[in-house]
Amino acid sequence: MFNLIKQLSPNRITGKLFLISTGTLLTLAFVFYVALYLFLPSFYEQYKVAQIDEALTN
């Protein structure tokens, strides 16, 4: 276990790659989550309103 931690230290290339990859993935996940949180409710509301309008006109 200690050997694995030693290999992932920021001074080695594997540690740097791990930290960069992890940081990039977490940042992208956060950006996607915020985008979905902000845009999906309004899209869903428009979709449901269109469905109701279509049902009432038929």
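These legends describe close-up views of a predicted model.

Local features need pLDDT of at least 70, side-chain atom pairs count only at pLDDT 80 or more, and totals for chains, interfaces and linings use all residues. Residues are numbered from 1 along each chain as its sequence is written, and side-chain values use heavy atoms, without hydrogens and water.

**View 1. The protein chain has two helices and zero strands.** Helices (H or I, at least four residues) and strands (E, at least two) are DSSP runs, numbered from the N terminus. Of the chain's 58 residues, 2% count as buried. Buried means under 20% relative accessible area, exposed over 50%, and partly exposed in between (1.4 Å probe, protein chains only).

**View 2. Helix α2 covers residues 13-57.** This helix has 45 residues. From first C-alpha to last, α2 reaches 64 Å, close to the 66 Å expected at 1.5 Å a residue. The expected span is 1.5 Å times one less than the number of residues.

**View 3. Helix α2 has a kink at Phe-39.** The kink is about 35 degrees and comes shortly before the proline Pro-41. The bend is the angle between axes fitted to the seven residues ending at a residue and the seven starting there.

**View 4. Tyr-33 and Tyr-37 form a stacked pair.** A search of the whole structure finds one aromatic pair. Its ring centres lie 6.3 Å apart and its planes meet at 20 degrees, so the pair is stacked. Rings of Phe, Tyr and Trp (its six-membered ring) pair if their centres lie within 6.5 Å; planes under 30 degrees apart count as stacked, over 60 as edge-to-face and the rest as tilted. Both tyrosines lie in α2, four residues apart, about one turn of the helix. Tyr-33 is exposed, at 54% relative accessible area. Tyr-37 is exposed too, at 59%.
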